[in-house]
Amino acid sequence: MTHRTFVAFSSRDPIVADTIVTACEAARSDGHDFVPWNRNDVSGQPIDRSVYEWVDTADALVADISEPNHNVTYEVGLALGAQKPLRLIRAANKDRKLLEEIGLLHNIGHNDFNGRGDLSDILRRPYTTRPWPCPKRNREQPVYILQSSRIDDLLRRTISGVKKILRLRFRGFNPQEIDRLTASEAFEQVTQSFGLLAIWHDESAPESFRQNQRAALAIGIARG
């Protein structure tokens with residue numbers, strides 16, 4: 001039986017993207033298939049359903065974090081939530097500044113690569129890290145709210161709706177009080193919840209990229 005690994009990456013840097021695709025081809029063997037995301041035909045399909053199926057039907061996920069990307073971060077969340085084996089990779093020549101500023105994934109172990117040969121060797125390595133165990137569900141505070149980085153009408157309405165309409169107690173991440181949300185903390189909070197509310201910022205809003213990275217990961221975990 002062939003072991004199937006789905007490989008997610010941003011197409012922003014064509015050199016890195018081409019390196020990943022050719023490394024997948026070089027690493028492929030009779031017992032192991034590496035499927036880069038651009039090998040799948042998504043025409044006519046809702047992208048969120050397609051991505052879910054790609055990760056769900058794979059035995060493991062490799063995700064490139066060289067260029068922080070909402071789709072890739074969502075796929076990392078899917079793999080974490082579904083407790084799939086996960087490996088993060090990063091082009092060694094890429095600046096780590098944005099990754100560290102976001103603060104979500106840079107503290108999960110990853111492998112740096114310097115070219116096709118280097119990456120194909122990394123892809124062939126066995127997975128040694130176990131999936132994170134899911135905590136017990138929180139029935140006292142069943143909802144988790146990933147709050148926005150600013151107080152506005154949307155945030156007020158969201159919290160008011162949970163309190164007054166749903167009449168549920170909730171836990172939340174407040175970026176105005178806590179600077180960083182790590183992947184392990186997001187996993188623990190989301191998986192113990194019965195529901196998730198994540199606020200997504202318009203791209204023009206301050207702190208939108210960092211906020212939406214958090215939301216993408218949390219939504220992926222919940223879906224997974």
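1. Two strands are taken to pair if DSSP finds at least two bridges between them. The model is a predicted one, and in it strand β6 (residues 143-146) and β8 pair in the parallel sense over 4 bridges, with Tyr144 standing opposite Leu196 in β8.

2. That pairing belongs to an open sheet of 3 strands, ordered β7-β6-β8 and parallel in its pairing. Because β7 (170-173) and β8 (195-198) stand at the edges, each with a single partner strand, one side of each is left without a neighbour in the sheet. From one strand to the next, the twist averages 20°. Helix α6 (residues 153-165) lies across β6, β7 and β8, and its direction runs at about 165° to β7.

3. Elsewhere, strand β1 (residues 3-8) is paired with β2 in the parallel sense over 5 bridges, and Thr5 stands opposite Phe34 in β2. Together with helix α1 (residues 14-27), β1 and β2 make a right-handed β-α-β unit.

4. Strand β2 (residues 32-36) is largely enclosed by the rest of the structure, because 5 of its 5 residues are buried. Both of its faces are covered, with His32, Phe34 and Pro36 buried on one side and Asp33 and Val35 buried on the other.

5. Helix α3 (residues 70-81) packs with helix α8 (residues 208-223) at an angle of about 30°, the axes being 6 Å apart, and the crossing is right-handed. Among the residues that make the contact are Tyr74, Val76 and Leu80 of α3 and Phe209, Leu217 and Arg223 of α8; the residues of this contact divide into 9 nonpolar, 7 polar and 1 charged.

Notes: Residues numbered from 1 in each chain as written. Predicted model: local features only at pLDDT ≥ 70, side-chain atom pairs only at ≥ 80, totals over all residues. Heavy atoms only, no water. Axes fitted to C-alpha atoms, helices over the stretch in contact; angles between N-to-C directions. Helix = DSSP H or I, 4+ residues; strand = E, 2+ residues; numbered from the N terminus. Left-handed = near helix turned anticlockwise from the far one by under 90°. Contact = heavy atoms within 4.5 Å. Nonpolar A, V, L, I, M, F, W, Y, C, P; charged D, E, K, R; others polar. Buried < 20%, exposed > 50% of the residue type's maximum accessible area, 1.4 Å probe, protein only. Right-handed = clockwise from strand over helix to strand, strands pointing away.
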